[in-house]
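The notes after the structure are grouped by topic.

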Amino acid sequence: GGYARGYVYYTMDAFWQSPMSTINDPYVDGLSITHGNPRKHIWTLAVSLNELNQYLKARCPRDTDPFDFTRVPDFVGNNFYCEAGFNRTEARIAWEDPLWDGQQCVSSTAQSCTRYGWFHRQIEPSQEDIEVRWCADQIRGDEDFYTDLLEIWVL
């Protein structure tokens with residue numbers, strides 16, 4: 001399992017490009033946690049555009065809208081968290097609203113309000129390395145995120 005805390009900069013768009021992506025692509029704007037070669041998915045921590053979700057493809061999937069989940073790659077399944085750091089998109093770092101903590105939610109149906117905190121995933125015993133990738137599909141001047149805490153526990 002593990003825990004991460006991050007901060008969004010500007011226009012991150014969660015799983016926008018994902019339907020065409022493989023696990024080897026930057027399939028998410030956020031953290032990708034995998035193991036092995038070839039890669040096997042453990043968990044994804046996605047970063048969305050903003051909490052008001054005005055851009056359909058850039059928002060975190062909502063529990064009430066099955067279409068939202070069509071952008072989540074099959075290999076991710078339900079093993080992800082997604083959150084935004086802004087109520088409205090701004091060209092700055094949202095230090096005041098850390099990601100993946102379930103705080104300052106606007107929509108009670110958004111994943112960010114119902115799924116957050118420590119993630120847990122049981123996988124087969126392995127000697128394979130765990131890999132964490134910081135992914136985005138655009139240049140850093142347009143979208144980015146920063147992390148100040150990342151813990152991965154192997155038990």
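The protein chain has 1 helix and 6 strands, where helices (H or I, at least four residues) and strands (E, at least two) are DSSP runs numbered from the N terminus. Along the sequence these elements follow the pattern β-β-β-β-α-β-β. The model is predicted, so local features need pLDDT of at least 70 and side-chain atom pairs count only at pLDDT 80 or more, while totals for chains, interfaces and linings use all residues. Residues are numbered from 1 along each chain as its sequence is written, and side-chain values use heavy atoms, with hydrogens and water left out.

**Confidence**

- The mean pLDDT (the predictor's confidence in each residue, from 0 to 100) of the protein chain is 85, and 90% of its residues reach 70 or more.
- Confidence is highest in strand β2 (residues 30–35), at 97, and lowest in helix α1 (residues 111–114), at a mean of 61.
- Where pLDDT is low, the predicted coordinates should not be read in detail.

**Burial and the nonpolar core**

- Of the 155 residues in the protein chain, 46% are buried; buried means under 20% relative accessible area, exposed over 50%, and partly exposed in between (1.4 Å probe, protein chains only).
- The largest nonpolar core has 16 residues, and V8, W43, L45, V47 and W100 touch the most other members.
- A nonpolar core is a set of buried Ala, Val, Leu, Ile, Met, Phe, Trp, Tyr and Cys residues joined through side-chain atoms within 4.5 Å.
- Strands β1 (2–10), β2 and β3 each give two or more residues to this core, and the largest share, 4 residues, comes from β3.

**Disulfide**

- The structure holds 1 disulfide, a pair of cysteine sulfur atoms within 2.5 Å.
- The disulfide joins C60 to C82, with an S to S distance of 2.1 Å.
- C60 is in the loop between β3 (40–47) and β4 (80–83), and C82 is in strand β4, so the pair links distant parts of the chain, 22 residues apart.
- The link of C60 and C82 is left-handed, with -80 degrees about the S-S bond.
- C60 is buried at 4% relative accessibility, and C82 is buried at 1%.

**Salt bridges**

- The whole structure contains 7 salt bridges, each a side-chain nitrogen of Lys or Arg within 4 Å of a carboxyl oxygen of Asp or Glu.
- One of them pairs D148 with R5 (2.9 Å, N to O).
- D148 is partly exposed at 44% relative accessible area, and R5 is partly exposed at 28%.
- R92 and E90 form another salt bridge, their closest N and O atoms being 2.7 Å apart.
- R133 pairs with E131, the closest N and O atoms being 3.9 Å apart.
- R133 is buried at 12% relative accessibility, whereas E131 is partly exposed at 29%.
- A network of salt bridges links R39, E131 and R133.

**Surface patch**

- I130, W134, L150, I152 and V154 form a nonpolar patch on the surface, with about 440 Å² of accessible area together (Shrake-Rupley method, 1.4 Å probe; for residues, only the protein chains shown count as cover).
- Patches are made of residues with over 30% relative accessible area and no salt bridge, with like charges joined within 9 Å and nonpolar side chains (Val, Leu, Ile, Met, Phe, Trp, Tyr) within 5 Å.
- Strands β5 (130–135) and β6 (143–152) each give two or more residues to the nonpolar patch.
- L150 is in strand β6 and is partly exposed at 31% relative accessibility.
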